[in-house]
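Thanks for coming, everyone. Please take a look at the sequence and the model on the screen, and then I will walk you through a few places in it.

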Amino acid sequence: MTATELSPQLDPVLDPDLGPSADPAPGPGRPRGLGTGPAPRAAAGTPPWDSWRDLPAAQQPAWPDRPALRAVTADLAGYPALVAAGECDRLRARLAAAARGEAFLLQGGDCAETFDGISEQRIHSKLQVILQMAAILAYAVSVPVVTVGRLAGQYAKPRSRPTETRGGLSLPVYRGDAVNAAAFTPAARTPDPERLKRLYHASAATLNVIRSWVSDGGADLRDAHERNRDFVGLSPAGEHYRQLVDATDEALRFLSACGVDSGLLRTTEFFTSHEALLLDYESALVRPDPRTGARYDTSAHMLWIGERTRQPGGAHIAFAAGIRNPIGVKLGPATTADEALELIDLLDPEREPGRLTFITRMGADRITDVLPDLVRRVTDSGAQVVWVCDPMHGNTFEAPSGHKTRSLATILAEVKGFFEVHRALGTHPGGLHLELTGDHVTECLGGADEVLPHDLYDRYETACDPRLNRSQSLDLAFLVAEIHRSGGSGEGTAPARHRW
């Protein structure tokens, strides 16, 4: 692989005619509170919100039919918002608590959602495993757990190369169902703007399932605890986890005896997030909040900017700077403290807790070397960011079978290093960012119900990168809980038969 192939690809400046720079015309069903009045004026000295259109944008598809793209984004601009500004504000307040050390973020879901993968059962299974993990972690970390899904919008992925070659035939790389299809044919791989409408409708359907699940009592911590008890009864490492489950049970009984068994235990808030990658789509869903004049990307509550698109002079950072949603930024092992401080100046100039989350993806073998200087310099600057560990992306390797995979042991090692760094510096390890599913796939190795290399052939179903299955996700939550409660040493956290 050449240096050019490894570096982020900066696409030509996006078509300035794409997407509205003024407010869209009212669409049917537009929720009140996300109106269509005149665009708010930018503060003196600040660029207009859509100044990102004049900047190079990395990782954008080469749409072959620009007029069709303009028509699609014009339609999207008239569609109802998917989330409300007030919901985004509420998440920002929860993340502000995490930045102060008073909460913990659990962010998880598919590497890449697929249109064919939408079903009520699959969505419920992801929600349930995230809530079960939250119930485990809440007791261990002794602060509220903020649950955010990589759901209802994670349909596009950045790629290392713009094309893929098989048998002498080169075609555009698969960039996620929002752009093209995975089948290796010219028709399937041609970027199709109509897929952006499918992205919107798929996200709306998923949000409907999430909201009904929460309102119908699916987000009840007591039910999640009972499911965890069932898991412990069946897990090969169940006896090792039982002490934590029993202690959680005692805590819930105590809260119930004190009368704390209403809304606090029955309903958990659930927010959505995805990578803000396809700027034509994201900008079409920007709406002004008439309460404040601030602009929100109403495609999700929280957006993050990836490692390949976080160039300070690029369109993605400029776009994120112009919206009020909570923003995450992925930081890899090559990130310098000066780069992190520049991102803070661009995205959080007011130093507002809850506005900015740094999601570190260092790799298990690098995190204790690289992270301390970043945390120290950012803390010394006075910024209050949420520090979150993504232990997935820095630990991917190719199995002998040719499958991309990850080992639960290595994932846990990066999490352990993350906690160790923050303990040594006296700062707060603010959360985890995971690729997982509630299904019984065989994509990552290890776990108490162990997945071995030859098992990768059984149920390797991911559209892109390997995910933890339900059992591995809960294993990780129990082990992280033990690391936290043991003071970060991690010694003896895994049963002797399961040194993952």
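Gln132 is buried, with a relative accessible area of 1%, where buried means under 20%, exposed over 50% and partly exposed in between, using a 1.4 Å probe and protein chains only. This is a predicted model, in which local features need pLDDT of at least 70 and side-chain atom pairs count only at pLDDT 80 or more, while totals for chains, interfaces and linings use all residues. Residues are numbered from 1 along each chain as its sequence is written, and side-chain values use heavy atoms, with hydrogens and water left out.

Gln132 sits in helix α4, residues 120–141; helices here are DSSP runs of H or I with at least four residues, strands are runs of E with at least two, and both are numbered from the N terminus. Leaving aside residues up to four places away in sequence, Gln132 touches Ala224, Arg227, Asn228, Arg470 and Leu474, contact meaning heavy atoms within 4.5 Å.

Now to a pair of strands. Strand β5 (residues 163–166) and strand β6 (residues 169–172) run antiparallel and are joined by 4 bridges, and for two strands to pair, DSSP must find at least two bridges between them. Thr163 stands opposite Pro172 in β6. Which residue takes a positive phi in the hairpin of β5 and β6? It is Gly167, with a phi near 55°, in a hairpin that has 2 residues between the strands.
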